[in-house]
Every structure is written in structure tokens, then in C-alpha cells.
Amino acid sequence: MAGFSSFREFYPFYLGEHRHPVCRRLHFAGSLCVLAIIAMTIASGRLVWLWLAPVAGYGFAWIGHFVFEKNRPATFKHPFYSLAGDWVMFFDVLRGKVRL
């Protein structure tokens, strides 16, 4: 995997690693779960729920990669860009720029 000098350079690579629609759907579902967990944590005031956020987010995403894409998640080599890519792709789906 090549090095990237910016997120702008990384994001097309990131999208290329998410070609399978089920993988993208699983990423989207994981991100929705993370948002729900954060909302539940705020509403309940119980910080203990936050441990579920990375489990849900990464769990859905990694199933998408290992089962459907048959590739290694970019998280392993580019953790910060990959996390940013998850959220940019999530909002790109909401804006209709990326299809599920």
C-alpha cells in the first residue's frame, strides 16, 4: 500500500477499496450504529456504552472487507485517514455522491 501525502490523495484509494455494495452498506450501518451509541450515551449519561462504538464501527466494516471485498481494511496501515474516509463516505452516501 502506497504512502499518501494528504487525505485528498488517500480518499480515491479508500473508495477503490470499497467497491462491493455490501461492504459499503456494512460501513454505513456501522457508522449509523456508532452515532446511535453516542446518542444513547449522551441520553443516558452512562459512558460505559462508549466501548461499543469501535466494536460496532469496526465490526461491520471488517466483515465487509474480509467477507465481501476480500481485502485488508486500510485501517491497518492508514488508521487516521481510514477513519476520516469512513465518515466522508458516510456523508457522501447521504448526499448521493456514493451509492449503496
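This is a predicted model: local features need pLDDT of at least 70, side-chain atom pairs count only at pLDDT 80 or more; totals for chains, interfaces and linings use all residues.
Helix H4 comprises residues 79-94. At 1.5 Å a residue, its 16 residues should span 22 Å, and the distance of 23 Å between its end C-alpha atoms agrees with this expectation. The buried residues of H4 are Ser 82, Gly 85, Asp 86, Met 89, Phe 90, Asp 92 and Val 93. Viewed down the helix axis, these buried residues fall within an arc of 165°, and therefore they line one face of H4. Such an arrangement relates to the geometry of the helix: an α-helix has 3.6 residues a turn, so residues three or four places apart point the same way. Phe 80 and Leu 94, by contrast, are exposed on the other side of H4. The cover over the buried residues of H4 includes H1 and H2. Just after H4, Gly 96 adopts a positive phi of about 80°.

Helix H1 spans residues 7-16, and within it Phe 10, Tyr 11, Tyr 14 and Gly 16 are buried. Among the elements that cover these residues are helix H2 (21-44) and helix H4.

The largest pocket holds about 160 Å³ of space. H2, H3 (52-69) and H4 each contribute at least two residues to its lining, and H3 provides the largest share, with 5 residues. The lining includes His 27, Ser 31, Pro 54, Tyr 58, Leu 83 and Trp 87. By class, the lining consists of 7 nonpolar, 4 polar and 1 charged residues. Asp 86 also belongs to this lining, and Asp 86 is among the buried residues of H4.

Methods: Residues are numbered from 1 along each chain as its sequence is written. Side-chain values use heavy atoms; hydrogens and water are left out. Buried means under 20% relative accessible area, exposed over 50%, partly exposed in between (1.4 Å probe, protein chains only). Helices (H or I, at least four residues) and strands (E, at least two) are DSSP runs, numbered from the N terminus. Contact means heavy atoms within 4.5 Å. On a 1 Å grid over the protein atoms alone, a cavity is a set of points where a 1.4 Å probe fits but cannot get out, and a pocket is an open set with protein on both sides within 12 Å along at least five of seven lines; lining residues have an atom within 4 Å of a point. Grid points are joined across faces, edges and corners, and a volume is the space filled by probe spheres set on the points. Ala, Val, Leu, Ile, Met, Phe, Trp, Tyr, Cys and Pro count as nonpolar, Asp, Glu, Lys and Arg as charged, and the others, Gly among them, as polar. The expected span of a helix is 1.5 Å times one less than its number of residues. The arc is that of the directions from the helix axis to the C-beta atoms.
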